[in-house]
Amino acid sequence: MCHVTFYKNNDYDGDSDYYADPQGKESGVMNGIDSMKTGSDTWVVVYNSKYYEGDWMKVGPSTSLSDLNNTSRSGGGDWKNQIQSFVMYDSKPSFWDTSSGTPTLDLNGCKVYFTENTNLKGDNKTYSGSTSVDSLLSVGYTTDLTKSMYNSINSLKTGTGAWLAIYDETNYGGNYKRIYPNTTYKDLNSVSRGTDGDWKNQIQSFELYNQLPSNWSLSFDQDTFKGLFDGEYTDNKISGDAFAYQTQDAEYRIYAPTISYPSIDTMVVSLSIDHIIGMSTDDHVTLDLTFNSDGLISITNYTWDAGSNYQIPDGVVKAVDISAEILGAVGALESCGISEAAANEFIEVFDTACKVFNDISNLMAKWSENDGGRFYLIPVVAHVINRACYSVVKS
C-alpha cells in the first residue's frame with residue numbers, strides 16, 4: 001500500500017500525520033518530524049524546504065527511520081525537524097536508482113497528475129490506470145478532500161503510458177482536448193479551448209487510457225462538410241451554428257454536427273436537419289452516425305418528426321443485412337398511409353446511404369417531384385449521410 005506516516009518524536013512516538021495515495025505536499029507538513037515509516041508500495045522524496053526545494057532524500061518501500069537525528073543531509077546536518085515538503089509515488093520512479101541530480105516529478109505508466117495551481121503546484125490528485133470520471137463536482141483533491149476539482153484545475157502532467165481526454169462539461173460533453181503521454185501543461189491558461197477561450201479552471205470530466213484509443217485517429221472536418229452543399233446560405237431565422245440549403249424548390253436547414261467519442265473505438269457524428277415548411281409544420285430529422293476505428297459507418301440512429309400527415313418511427317439502421325428491421329419499418333410506414341412501394345424505396349435509400357450509396361442518385365429525381373419537398377427530404381437525409389461520411393478524416 002502507498003502511504004507514509006510522520007511522527008513528532010523519535011521511535012514513532014508523539015503526534016503523527018498519515019498520508020495515503022500518490023501525492024505531492026508542497027507545504028503544510030507537520031512541524032518537527034523526528035521519525036517516519038513508509039508502506040510496502042511507497043517511494044517518497046522528502047525535502048527540507050517548501051515547494052520541493054532544498055536538500056532532498058529518497059525513502060523507499062517498507063522503510064522505518066526511528067531517529068532522523070541520525071540521518072544525514074547532503075547539505076550538512078541531519079533530517080531531524082527538517083522535512084517541509086514531499087512527493088510520494090506508488091511505483092518506483094525512473095530516477096530512483098540514479099545517484100545524482102535532483103529528483104523531478106516522475107510519472108511512470110498510465111498516470112495523470114492534476115493540480116489546483118499553475119506550475120504543478122498546490123493541492124493535487126493522481127489517477128492511475130484506465131479510468132474515467134463523468135463529473136469532478138464531488139471529487140476532492142488528495143491533499144485536501146474539501147476542495148472540489150470541478151473547474152479548478154490549472155496544470156497537469158501525464159505519465160509515460162497515459163492518453164488523456166479532458167472535457168469542459170460533465171458526462172464527457174462540450175469541448176474536449178486529447179493529451180498524449182509525457183505531456184506537461186504548467187499553465188492551462190495558455191492551452192486553447194478553441195473559440196471558447198482556454199482550459200484554465202475548465203475541466204469537468206475526463207477519460208484516462210493505458211493505450212492509444214483507436215478512435216483518436218478519427219476526426220470530422222466541419223469546413224469540408226459545409227462546403228459540400230452547393231448554394232448554401234446563411235439562415236437569419238435561426239440561432240446557433242446552422243445554414244439553409246435550397247434544392248428542388250424546397251428549403252432545408254442543416255445544423256453543424258457535434259462530435260463525440262463514446263468508446264475507445266468509435267466516433268459519433270450527430271446531425272439535425274429541418275425541412276422548412278412554416279412554424280410548427282416543419283419536419284425535423286436527427287441522425288447519430290457511428291463510425292468505427294477505420295472511419296467506416298457502422299450504425300445510424302435516426303428520429304423523424306413529421307410536421308403533419310404522417311409520422312416515421314424512430315429507428316436504427318446497421319451497415320449489415322437487417323431484413324427483419326426493414327420489414328418492420330415497411331409495415332410502420334404503410335400504417336401511416338404510405339404505399340408499400342414507397343416504403344420499400346424509402347428503406348432502400350436509407351439503407352443504401354449507410355452502406356454503399358450506389359443507387360441514391362437513381363431515386364432523387366423521383367422523390368423530388370413529390371409533396372413539396374417532404375418526400376425529397378428522404379434523399380436529402382441520405383445525401384447528408386453521404387457528405388458526413390466524406391467529411392470523416394482518418395489520420
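These are my notebook entries on a predicted model of one protein chain.

**Ground rules**

I number residues from 1 along each chain as its sequence is written, and because this is a predicted model, local features need pLDDT of at least 70 and side-chain atom pairs count only at pLDDT 80 or more, while totals for chains, interfaces and linings use all residues. Side-chain values use heavy atoms, with hydrogens and water left out.

**Overview**

I started with the secondary structure and found five helices and 27 strands in the protein chain. Here helices (H or I, at least four residues) and strands (E, at least two) are DSSP runs, numbered from the N terminus.

Next I looked up burial: 48% of the 395 residues in the protein chain are buried. Buried means under 20% relative accessible area, exposed over 50%, and partly exposed in between (1.4 Å probe, protein chains only).

The protein chain exposes about 17,800 Å², and carbon and sulfur atoms supply 44% of that. Those areas come from the Shrake-Rupley method with a 1.4 Å probe; for residues, only the protein chains shown count as cover.

I also checked contacts (heavy atoms within 4.5 Å). Among those between residues at least 6 apart in sequence, 57% join residues at least 24 apart.

**The sheet around β1**

I traced an open sheet of four strands in the order β2-β1-β4-β7, with antiparallel pairing. Two strands pair if DSSP finds at least two bridges between them. The edge strands are β2 (13-20) and β7 (64-65), each pairing on one side only.

What does β1 pair with over six bridges? That is β2, in the antiparallel sense, and in β2 the bridge partner of Tyr-7 is Ser-16. β1 and β2 form a hairpin with three residues between them, and Asp-11 in the turn has a positive phi of about 60°.

With β4 (residues 35-38), β1 (residues 3-9) pairs antiparallel over four bridges. I noted Val-4 opposite Thr-38 and Phe-6 opposite Met-36.

Five of the seven residues of β1 are buried, so the strand is largely enclosed by the rest of the structure.

**Nonpolar cores**

I then went through the cores, each a set of buried Ala, Val, Leu, Ile, Met, Phe, Trp, Tyr and Cys residues joined through side-chain atoms within 4.5 Å. The largest has 30 residues, and Leu-287, Leu-289 and Val-384 have the most contacts inside it. Elements that each supply at least two residues of this core include β23 (266-275), β24 (283-292), β25 (297-305) and α5 (377-391). Which element gives the most to it? α5 does, with eight residues.

I followed up Leu-289: leaving out residues up to four places away in sequence, its contacts include Met-267, Val-269, Leu-271, Ile-299, Ile-385 and Ala-388.

A second, separate core has 21 residues, among them Val-112, Met-149, Ile-153 and Ala-162.

Asn-119 has a phi near 60°, a positive value in a residue other than glycine. I placed Asn-119 in the loop between β9 (111-115) and β10 (124-128), where it is partly exposed at a relative accessible area of 46%.

Asn-182 also goes on the list, with a positive phi of about 55° although it is not a glycine. Asn-182 sits in the loop between β16 (173-179) and β17 (184-185). Is Asn-182 buried or exposed? Exposed, with a relative accessible area of 53%.

Thr-71 is in the loop between β7 and β8 (85-89). Thr-71 is buried, with a relative accessible area of 16%. Leaving aside neighbours within four places in sequence, Thr-71 is in contact with Met-57, Gly-77, Asp-78 and Trp-79.

**The largest pocket**

Last, I looked at the largest pocket, which holds about 400 Å³ of space. A pocket is an open set of points on a 1 Å grid over the protein atoms alone where a 1.4 Å probe fits, with protein on both sides within 12 Å along at least five of seven lines; lining residues have an atom within 4 Å of a point. Grid points are joined across faces, edges and corners, and the volume is the space filled by probe spheres set on the points.

The largest pocket is lined by 16 residues, of which Gly-174, Asn-175, Tyr-176, Gln-222 and Ile-259 lie nearest its centre. The elements giving two or more residues to the lining are β15 (163-169), β16 and β19. β16 gives the most, with five residues.
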